[in-house]
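Me: I would like to learn how to read a ligand site. Can you take me through one?

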Amino acid sequence: MNDLFKSPLPIIAPSILAADLRNLERDVTQAVQGGAPWIHCDIMDGHFVPNISFGPAMVKTVRSITDTFLDVHLMISEPDRYIDDFARAGANMITVHIETCNHIHRTLQQIREHGCHTGVAVNPGTALSSLRAILHEVDMVLVMTVNPGFGGQKFIEYSYERLRAMRLVREEIQGSFYIQVDGGVSRDNARDIADAGADVLVAGSSVFGSSDIPAEVEALRNDAASGYRSMYV
Ligand code: DX5
Ligand code: ZN
């Protein structure tokens with residue numbers, strides 16, 4: 001397993017959905033130079049979510065640019081069909097949506113069998129309790145803070161409550177999974193998001209929309225670190 005999974009927390013994971021695809025190598029390289037130990041790859045099929053983004057070939061391209069940790073977020077129906085493709089393309093973590101899995105325990109097993117870390121994502125309208133049975137099976141829970149499908153949306157405010165609730169559940173079960181947030185993260189809220197319980201913050205437009213990508217990653221990381229309360233204390 002790629003030891004970048006255990007990078008110092010909190011982690012900023014820039015989402016390439018917002019990158020300049022004409023200059024992907026430049027943008028990804030600058031994000032990593034700015035201190036991002038993970039790159040977040042948003043995979044969308046136009047069926048589970050209204051947008052179509054990219055597939056395994058894009059993950060393979062990003063892997064050819066950097067050897068950093070690739071955090072692949074599958075916003076697709078029937079993800080079981082594609083785990084092998086994304087693992088072969090170079091994913092280090094594969095996150096599936098609970099809403100798309102009839103047999104989530106088996107899907108997570110399949111991801112692990114491919115040598116990848118396991119993540120499960122939950123949409124803003126889905127109860128966190130739907131994850132309860134598999135919390136011991138996952139390396140990360142992704143609490144969506146926008147409705148999935150597009151970058152540049154506004155952070156959904158009641159996500160703070162959900163983050164605090166997720167953090168409490170982890171304490172109760174003595175879990176060690178990371179809590180990730182995804183959508184609407186910026187310099188305005190990174191500190192509060194980390195304070196509420198996020199270990200990994202995905203940021204698309206705030207990073208790749210910046211005129212200074214490395215500086216933006218570093219600033220987001222500093223903001224998040226100033227509010228972060230380690231799960232290990
Ligand atoms: C939305 C994606 C997010 C999004 C984040 O469905 O999962 O990763 O790209 O982008 P920003 O940071 O622009 O909200
Ligand atoms: Zn995402």
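Me: Which pocket is the space taken by ligand 1?

Reply: This is a predicted model, where local features need pLDDT of at least 70, side-chain atom pairs count only at pLDDT 80 or more, and totals for chains, interfaces and linings use all residues. Residues are numbered from 1 along each chain as its sequence is written, chains are lettered from A and ligands numbered from 1 in the order in which they are written, and side-chain values use heavy atoms, with hydrogens and water left out. A pocket is an open set of points on a 1 Å grid over the protein atoms alone, where a 1.4 Å probe fits, with protein on both sides within 12 Å along at least five of seven lines. Ligand 1 takes the space of the largest pocket.

Me: What polar contacts does ligand 1 have with Ser205?

Reply: A polar contact is a pair of N or O atoms within 3.5 Å. A polar side-chain atom of Ser205 lies 2.3 Å from an oxygen atom of ligand 1. Backbone N or O atoms also come in: one of Gly149 at 2.7 Å from a ligand 1 oxygen, and one of Gly152 at 2.8 Å.

Conventions: Polar contact = N/O pair within 3.5 Å; in protein donor to acceptor, adjacent residues only side chain to side chain. 1 Å grid on protein atoms, 1.4 Å probe; cavity = no way out; pocket = protein on both sides within 12 Å on 5 of 7 lines; lining within 4 Å. Sits in = over half its atoms within 2 Å of the grid points.
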